[in-house]
Amino acid sequence: MSHVLDGFSRTFSEYLLIPRLTKKIHMTSNVSLLAPVAKFKKGETSRLQLNLPVVSASMQAVSGVDMGVALARQGGAAFVFCSQTIEAQAAMISKIKLHKAGFVKSTLNVKPGATLRELLDLMRREGHSTVAVTSDGSPTGMFEGIITDNDFWEFEDDLSSIVSSHMTPKEKVIFGEIGIGLRSANELLHKHKKEALPILEKDGKLNSIVFKKDYVAHKNNPLELLDNEKRLVAAAGINTHDYEVRLPALMEAGVDIVAFDSSDGFSEYQRDAALWAREKYGDSIVIGAGNVVSAEGFRYLAEEAKVDFVKVGIGGGSICITREQKGIGRGQASALLDVVAERNRYLEETGIYIPICSDGGLANDTQIIIALAMGADFVMMGRYFAMSDESPTQKVTIKNSIFKPYWGEGSNRARNWQRYSEGKTVDGLLFEEGIDGYVPVIGPVKDMLSVTIGKLRSTMCNLGSLNLKEFTENAVLTLVSGQSIVEGGTSNIVQDESGSGVRT
C-alpha cells in the first residue's frame, strides 16, 4: 500500500523567525553573504562561491546575456536557458565571459586597409565602439593603431575610404607593454584621459586591451563574481537529451557552472549525465542537479550522481503547474527542511558538504530570507528576475502599466520538450507544466537586489549572525496561524488620499 508522510506540506509563508541576541558587532556592514556552490570537505572551502546567495532560473523569459552580466556584476549568477540551439546558448556564454575586469583579449580587430563600411558592420554586429587595428586583422597581429566611432561620421565621411585614413596611428596611441600591472595600466588611462589602453608585446604585437569602462564597472560593483582570469562567472542550464554535445560547446565558451534543468531530477538520466560530465571534465566544472523534494532524492543525487549541488523544489514556481497536472510535488518549506536535514546527515557520515539551492516558491523578500534561514545555501528565482529591466523579453503596456511577458519552460510557448522527455526523443509536449502570462516591470537588477539584500542583512543581524552558516544555525522558526498573518499586516488604519500619511 502507499505510504503517507506525517504532517502537512508547508510553504515559506507559514513561518516566522524568532529574533536572537543582537550584539554590537552585528551591523549590516559586517555581514558576509558568501555562499558555496561546489561541494567541499568539512573544514575546507568550496572551490566556487557566490558573493550573493541568488541565481536566476534557466528560463527563456529570465536568463539571457544581459541577465548573466547584470547578476554576475552583483555577485550572483544567471543560468542561461538551454531551450535553444547549442550554438545560440554557447554564444550567450561567450558574450558573458567577454566582460572582464583587467586585461581583455581583443575580439574586435580590423586591417588598416578595411573600409569604413566593413568597420561599421563589425561594430554593429559586435556592439563595440572601439576597434584595434592590426596588420592582419587578428587579435595578436602587429599593432598599427586604434579607431573608434568618434574618428569618423557615418553620414558625412566616404564609407568606401579605408580605416588607416581615419585611425589614430600607433605613434600617437598611448599604450602599455606586456608585464605592466593592472593598477599602472589604469593610472595611464586616467592620466591621459583615454577609454582604452592597448597592451603590446615586446615585438609590437597586440596582446590585450585594458578598458576604462571595466575599471568603472568593477568599482561600482565590488561584489562582482569573477573567475581566475577576472572574467564574469557564467552559468547555464543543460538537459539529459543532448548533454554530450551541448556541454562541450559550453565548456569551449567558458561556462563555469551548469545545472540540469528538470521538473523532476530524481532519475537515472541525470545520474548518467552527471557522471559523464564529471569523468570528462573533473572539477573544472561545477555541476548541479535536481529538482528533488525529498531526502531520498537528495541522497540519490549526492551518492550516485556525485554532483556539486542539489536543487530543491517541484511545482512551487509562480508559472509552474506540475502539481496540478501530475499530482507530484511538495510545499517548498517542507521539501527544503527535509533535504537540509538529509544533507546534514550526509555531512556527518561522509565529511562532505553539498550546497542546496532552493528553487521556486518565493513570492517576496521575506520568503527568500526564510529559505536561507532554513538551510538553503542560495536561492533560484524566475519571476523575481523576469520583472527586471535585464530580462530578455520586451516591455509591453497593459492598462497604462508596464509589463513583461513571462512563461514557464514547461509551457507550449517554450517548446522545451527535452526537459520533460527523460532522455528520449519525443514529438512534442502532450500537456503543459507551465503557463504563459505577464509580470510588472520593477527596474534594474542592481536596484531590486539592493532592497532584497538589505532586508536579508538586517534580518541576519536580528538573529545575531554575521554569515549564512551562522544564520541557519541561529535560526528559530515558528509556525504562524491565519490570524497571526492578519495581525502582522496593517490594520485599523485608512490612508489619506494624498498617500503622504495615515490616520487612525
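Author: The chain has 15 helices and 27 strands. Helices here are DSSP runs of H or I with at least four residues, strands are runs of E with at least two, and both are numbered from the N terminus. This is a predicted model, in which local features need pLDDT of at least 70 and side-chain atom pairs count only at pLDDT 80 or more, while totals for chains, interfaces and linings use all residues. Residues are numbered from 1 along each chain as its sequence is written, and side-chain values use heavy atoms, with hydrogens and water left out.

The strand to look at is strand 13, residues 196-200. Five of its five residues are buried, so strand 13 is largely enclosed by the rest of the structure. Buried means under 20% relative accessible area, exposed means over 50%, and partly exposed lies in between (1.4 Å probe, protein chains only). A196, P198 and L200 point one way. L197 and I199 point the other way. In a regular strand the side chains alternate between the two faces of the sheet.

Strand 13 pairs with strand 12 (residues 176-177) in the parallel sense, over two bridges. Two strands pair if DSSP finds at least two bridges between them. Within strand 13, L200 is the bridge partner of E177. Strand 14 (residues 206-211) also pairs with strand 13, in the antiparallel sense and over five bridges. There, L197 stands opposite V210. The hairpin of strand 13 and strand 14 has five residues between the strands. In that hairpin, G204 takes a positive phi near 95 degrees.

K193 sits in the loop between helix 4 (182-192) and strand 13. K193 is not a glycine, yet has a positive phi of about 55 degrees. K193 counts as exposed because its relative accessibility is 73%. K230 is found in the loop between helix 5 (212-220) and strand 15 (235-238). With a relative accessible area of 41%, K230 is partly exposed. One peptide bond also deserves a look. The bond from G290 to N291 is cis, with omega near 15 degrees. N291 lies in strand 17 (residues 286-292). Most residues other than glycine have a negative phi, and most peptide bonds are trans.

Four strands form an open sheet in the order 8-9-10-11, with mixed pairing. Strand 8 (109-110) and strand 11 (168-169) are its edges, each pairing on one side only. Strand 10 (residues 143-148) and strand 11 run antiparallel and are joined by two bridges. G145 stands opposite P169 in strand 11. Helix 3 (residues 116-126) lies across strand 8, strand 9 (130-134) and strand 10. Helix 3 runs at about 70 degrees to strand 10. Such angles run from 0 to 180 degrees between N-to-C directions, with axes fitted to C-alpha atoms, for helices over the stretch in contact.

The nonpolar cores come next. A nonpolar core is a set of buried Ala, Val, Leu, Ile, Met, Phe, Trp, Tyr and Cys residues joined through side-chain atoms within 4.5 Å. The largest has 110 residues, of which I257, F309, F385 and F471 touch the most other members. Helix 13 gives the most to this core, with seven residues. Another core, of 15 residues, lies apart from it and includes V110, A114, L120 and L159. Back to F385: beyond residues up to four places away in sequence, F385 touches V54, V55, S56, V62, M67, L71, S391, V445 and L449. Contact means heavy atoms within 4.5 Å.

S465 is in the loop between helix 13 (445-462) and helix 14 (468-474). S465 counts as buried because its relative accessibility is 0%. Its side chain reaches the backbone nitrogen of F471 at 3.4 Å. Leaving aside neighbours within four places in sequence, the contacts of S465 are H26, V31, M460, E470, F471 and N474.

Finally, the whole chain. Of its 504 residues, 51% count as buried. Among contacts between residues at least 6 apart in sequence, 64% join residues at least 24 apart. The chain exposes about 24300 Å², with carbon and sulfur atoms supplying 51% of it. Accessible areas come from the Shrake-Rupley method with a 1.4 Å probe, and for residues only the protein chains shown count as cover.

Technical notes
Polar contact = N/O pair within 3.5 Å; in protein donor to acceptor, adjacent residues only side chain to side chain.
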